[in-house]
Amino acid sequence: MMDAWDEMMRAEFAREAADVRQATAPVGARVARRVRRRRAAQASVTATAAVAAVAAVGVGAWGLAGSGVREPALPIAGSPTPSAEPSTEPSTEPSGGPATPAEDPQGEDATFAPAPSRDSIAGEVTYPEAYLWEDAMWDEVGPGWGVGVASALADISYLDGAKQLPPAVLYLHSPDGVYFEVAELPEQWWEDTRVVSWDEDARSVRLWSRDAGARYDLETGKIEEVEFSIGGSPAGAERFVAADAGGAELWFASNDNGAGFYRWSGGQWEKAATWDDAPAARVPEQAPGMTVSPLDSTGSRVVLTVATDGEGFAPRPSDVVVYDLTADAASVYPVSEGAGATWMAPWWVDGMTVAFEVDGAQSAAELPSPPEPLVFAADPSLDRPELERLPNAVDVEYGQATPAASTEQVCGC
């Protein structure tokens with residue numbers, strides 16, 4: 001009976017979720033009512049199950065008596081005594097949870113418990129006002145929701161022990177901007193951690209913290225670290241590069257045996273097409289000690305480069321590589337000779353044009369099809385788009401590709 005009731009409740013919640021985007025009430029208030037209904041329904045199920053069990057005992061007693069006179073039903077220890085006319089309307093009062101309702105940011109009563117208060121650190125980490133997550137809210141999660149981490153960026157003062165790292169906290173937030181604290185991450189994940197992909201169906205996210213990655217289960221808190229092996233030896237570091245809207249991910253790893261890109265798709269890791277088509281491809285530098293992955297508007301195509309033997313920081317690449325994460329395909333474009341010495345900070349101008357900062361000037365080239373040598377021309381009218389900046393959390397949105405800003409690294413020295 002409990003399973004049947006749970007299925008009925010799930011069906012009701014699914015119908016409500018389909019109307020979420022058309023509803024005018026704030027998500028936080030709707031979810032609060034959902035929590036109250038579920039608690040009330042659980043209490044009602046307990047009473048209903050007790051009635052059924054009492055009836056079953058009565059029938060059994062009558063059968064054993066072997067007469068037409070029904071024996072009185074025996075009470076079940078610890079069960080409520082059913083009323084003669086049970087109400088058909090569940091109680092609207094919650095059967096558990098905080099004694100005092102929390103105040104919804106939208107101004108309505110809510111049954112959520114407030115998250116612990118934490119002091120925000122200006123310029124380093126900001127903790128939003130939030131409630132504690134409740135499992136009853138999973139049925140509400142859908143388009144418009146986001147997930148992210150508030151954590152401090154790498155800083156030498158943390159590395160040398162001069163300052164104590166503040167906790168890294170994982171949040172889900174509704175389309176209305178109501179934040180829910182899912183968990184405070186373990187201490188080893190307090191430095192420079194961000195969410196870089198979201199498996200909505202599995203209710204898990206991928207975390208990345210500078211040189212390490214892990215899968216985090218949003219329901220259980222279980223952590224499974226990302227580990228690559230090259231030439232039979234563990235990689236020295238794992239670096240996230242990109243994730244598309246379909247859940248495919250691109251990571252980079254290296255050790256003394258070599259380096260290359262790995263792709264997560266269909267629940268398993270595999271070597272990306274770059275290992276065959278562009279084995280020397282790397283994520284280009286943005287500035288000394290600073291990186292961010294240049295993604296196109298689809299969140300699927302990534303600009304990579306093959307470095308030359310030139311001297312100095314960010315020398316002219318021999319090739320520009322466009323890797324399509326969704327299709328697992330790499331297109332290699334040779335760079336024409338005599339095109340400047342220092343190349344950095346690439347970005348997409350449009351779907352067929354990429355730009356670099358070449359010797360301090362903005363230069364762009366259109367990607368020919370099939371691939372031919374690229375001719376970059378300086379264009380002072382180009383304006384590199386500003387990305388949302390860390391250290392405040394950059395959220396991964398439900399069903400969307402991971403924002404490029406999620407891959408940003410800054411020098412911690």
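Buried means under 20% relative accessible area, exposed means over 50%, and partly exposed lies in between, with a 1.4 Å probe and protein chains only. At 18% relative accessibility, R118 therefore counts as buried. This is a predicted model, in which local features need pLDDT of at least 70, side-chain atom pairs count only at pLDDT 80 or more, and totals for chains, interfaces and linings use all residues. Residues are numbered from 1 along each chain as its sequence is written, and side-chain values use heavy atoms, leaving out hydrogens and water.

Start with the whole chain. The protein chain has four helices and 25 strands. These elements are DSSP runs, numbered from the N terminus: helices are H or I with at least four residues, strands are E with at least two. Of the 413 residues in the protein chain, 44% are buried.

Now turn to R118 and its partners. A salt bridge is a side-chain nitrogen of Lys or Arg within 4 Å of a carboxyl oxygen of Asp or Glu. By this rule the count comes to eight. One of them joins E181 to R118, with the closest N and O atoms 2.7 Å apart. E181 sits in strand β6 (residues 179–184), while R118 sits in the loop between β2 (109–110) and β3 (130–132).

R263 is buried, with a relative accessible area of 8%. E270 is partly exposed, at 28% relative accessibility. Shared partners join R118, E181 and E184 into one salt-bridge network.

Strand β6 has strand partners too. Two strands pair if DSSP finds at least two bridges between them. β3 and β6 run parallel, joined by three bridges. Here L132 has E181 in β6 as its bridge partner. Strand β5 (residues 169–173) runs antiparallel to β6, with five bridges. F180 in β6 is the bridge partner of L172. The hairpin of β5 and β6 has five residues between the strands, and G177 takes a positive phi near 85°.

Further along is an open sheet of four strands. Its order is β7-β8-β9-β10, with antiparallel pairing. β7 (193–199) and β10 (223–226) stand at the edges with a single partner strand each, so one side of each is left without a neighbour in the sheet. The twist averages 25° from one strand to the next. Axes are lines fitted to C-alpha atoms, for helices over the stretch in contact, and angles run from 0 to 180 degrees between N-to-C directions. Strand β9 (residues 212–217) pairs with β10 over four bridges, in the antiparallel sense. Within that pairing, Y216 has I223 in β10 as its bridge partner.
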